[in-house]
Amino acid sequence: MSAERSNPKSNKRLGPQKSYAAKSKDPLRRAERRNASGNLIAPEGQKNFSNAKALPQHAIHLERLLPELLQFDQPADRIVSRYFRSEPKLGNRDRALIAESAFAILRRKNEFSQFASSGEGSQARRLALLGLLSALSEGGLGSGNRAESAIADLAHVLKPGEYEWLQRISTVDPSSLNPLVRNNLPEWLWDAFGKYPGEDTREELAKSLMHPASLDLRANTMKTNREELLAQMNALGGRYQATPTPFAPDGVRIMGKPALQHTAGFKAGMFEVQDEGSQLLAYLLAPKRGEMVVDFCAGAGGKTLAIGALMRSTGRLYAFDTSERRLANLKPRQARSGLSNVHPVWIDSENDAKIKRLAGKIDRVLVDAPCSGMGTLRRNPDLKWRQTPEGVAELNQKQASILNSAARLLKPGGRLVYATCSLLPQENQGVAEDFLKIHPEFEVVPAAEVLKSLFPKDKLPLGCSADNPWWQLWPHIHGTDGFFGAVFQKKSSKPENAET
Ligand SMILES: C[S@@+](CC[C@H](N)C(=O)[O-])C[C@H]1O[C@@H](n2cnc3c(N)ncnc32)[C@H](O)[C@@H]1O
């Protein structure tokens, strides 16, 4: 995903321009000394603050983080991680609450900016309080009792007048707000969702994107199975609850967000954190044992590892990417996974000579293309403020170019899967349809055909519809990130009536 794209449309109206790096007198130091642990956590780390009380320091940290976050010139998770590195004494629970509050502010920026235009104190302070309130109530404002008890949890952080202000805001009827404000989307994206999925459903989609995503794991079947992983996760303690994911056969969903990277199971490679939709995508490629497979845009290998496990570590699985940094992140994951069939290959572009050498030799190719990431807004809400229609148009050209180049790799009869985590048709079916127009040597394989063995009881497999051959998952319908997949098969080179 193009999370590193910079966006000139940064919103500098919000929050003071003081950077957290520019600390002079630090009002937090005394409070922090009481925290024993200070390990770095993932940006959206533990969400084990359901019983947490917000502390004054949480609001102060958020006030410091916000100016840089709201410039939208870098990915939010990178800014948050860097901030936590600069605050090594912050405990895991504090980090979790601060990170979740920061992401809540990004998810609901329009709404919170409007609310923050009233009230006492600086705007950054008001946004910080709204973020904390949203994180503590886990469903955001406007949810009646939950907001009330979250305000109570916040009470000892509040200064005179703030309690009343929050109470007033929590009773605002969302339908009284402008659609762009209540749905927290930039105008271009709201308009795009109005065309597809359509005016009737875009509000449902927008609402689903305002909530945090679930934490999904994929059991690494090279080392364990889902039942064992469920037992392991449920043994972590009463605060967390693990259940099977509804659709992906090896998936486990966790209520709460434990710091899993420190667990023995993680270190032993028993599981990877992976959204259920992303897990399902590997089944669209459906690799077989002993095959030659290419994951063309492998990144840090989320899908590579799922594909490698389906191949039972046999055959050869090339993991291409133009980013050395991302491929470097694949290495330790691969080592943990126990897969010996994965071969990371850095390429300088989709036209690298290494690709030509493999032309016509590959059984299956996945192109998990760089995209706008609009299907991942629950996890990466900053993207909706950083992406632009011009950025999407640029990505379109890249997507077509990568797909054209990847197609050269396939043997006759081989399978090519084009996928994105976007919800925009021009990055999805638009690219797939254009590809078919210029590649008569490929034909579409309906996603429903491919997935029917995984969903034998259903008339139509998950993400498939009767009126098109593509695969599409939606956050508001399937509870996963948004994904698109198109399956193509290279036609056999023999004329159809040739004798065998
Ligand atoms: C959507 S991400 C891939 C995510 C990855 N498949 C996973 O499951 O974690 C797209 C990837 O495409 C890579 N990329 C960008 N341009 C590329 C190109 N021309 N050829 C190959 N990979 C490219 C990016 O570095 C990025 O890692």
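Let me start at one aspartate. Leaving out neighbours within four places in sequence, Asp321 is in contact with Cys297, Ala298, Gly299, Arg326, Leu327 and Trp346. Contact here is a C-beta to C-beta distance within 7 Å, with the C-beta atoms placed from the backbone. Before going on, the ground rules. This is a predicted model, where local features need pLDDT of at least 70 and side-chain atom pairs count only at pLDDT 80 or more, while totals for chains, interfaces and linings use all residues. Residue numbers run from 1 along each chain as its sequence is written.

Asp321 is found in strand S6. Is Asp321 buried or exposed? Asp321 is buried, because 23 other C-beta atoms lie within 10 Å. The cut-offs are 20 or more other C-beta atoms within 10 Å for buried, 12 or fewer for exposed, and partly exposed in between, again with C-beta atoms placed from the backbone.

The UniProt annotation "binding site", from an unreviewed entry, covers Asp321, Asp348 and Asp368. Positions from UniProt are in the numbering used here, feature names are shortened, and the annotations may be inferred rather than shown by experiment. Asp348 is in the loop between strand S7 (342-346) and helix H17 (353-357). Asp348 counts as exposed because it has 9 other C-beta atoms within 10 Å.

Now the ligand. There are 19 residues around it, and Cys297, Gly299, Gly302, Ser323 and Asp368 come nearest. To be near, a residue must have its C-beta atom, placed from the backbone, within 6 Å of the molecule or strand in question. Helix H15 (302-310) and strand S6 (316-321) each supply at least two residues of this shell. By class the shell has nine nonpolar, five polar and five charged residues. Nonpolar means Ala, Val, Leu, Ile, Met, Phe, Trp, Tyr, Cys and Pro; charged means Asp, Glu, Lys and Arg; the others, Gly among them, count as polar.

There is also an "active site" annotation in the unreviewed UniProt entry, and it covers Cys421. Cys421 sits in the loop between strand S9 (410-420) and helix H20 (429-438). Cys421 is buried, because 27 other C-beta atoms lie within 10 Å.

Next, the chain as a whole. It contains 22 helices and 13 strands. Of its 500 residues, 49% count as buried. Among contacts with a separation of 6 or more, 75% are between residues 24 or more positions apart.

The domain assignment gives domain 1 (29-183), domain 2 (215-273) and domain 3 (276-490). Such bounds come from an automatic or database assignment. The centres of domain 1 and domain 3, taken over C-alpha atoms, are separated by 35 Å. Eight residues of domain 1 are in contact with five residues of domain 3. On the domain 1 side, helix H4 (residues 92-107) gives the most, with three residues. That side divides into five nonpolar, no polar and three charged residues.

On to packing. The largest nonpolar core has 78 residues, and Leu284, Val365, Val367 and Tyr418 have the most contacts inside it. A core is a set of buried Ala, Val, Leu, Ile, Met, Phe, Trp, Tyr and Cys residues joined through C-beta atoms within 7 Å. Not counting residues up to four places away in sequence, Leu284 touches Val417, Ala447, Val450, Leu451, Trp471, Gly485 and Val487. Another core, apart from the largest one, has 44 residues, including Tyr83, Phe112, Ala124 and Leu154.

Helix H14 (residues 276-285) is mostly covered, with 10 of its 10 residues buried. Leu284 is one of the buried residues of H14.

Last, some backbone geometry. Just after H14, Ala286 takes a positive phi of about 50 degrees, although Ala286 is not a glycine. Ala286 counts as partly exposed because it has 17 other C-beta atoms within 10 Å. Arg312, also not a glycine, has a positive phi of about 55 degrees. Arg312 is in the loop between H15 and S6. The peptide bond from Tyr196 to Pro197 is cis, with omega near 15 degrees. Pro197 is placed in helix H10 (residues 187-198).

That is the end of the tour.

Terms used:
Helices (H or I, at least four residues) and strands (E, at least two) are DSSP runs, numbered from the N terminus. Two residues are in contact if their C-beta atoms, placed from the backbone, lie within 7 Å.
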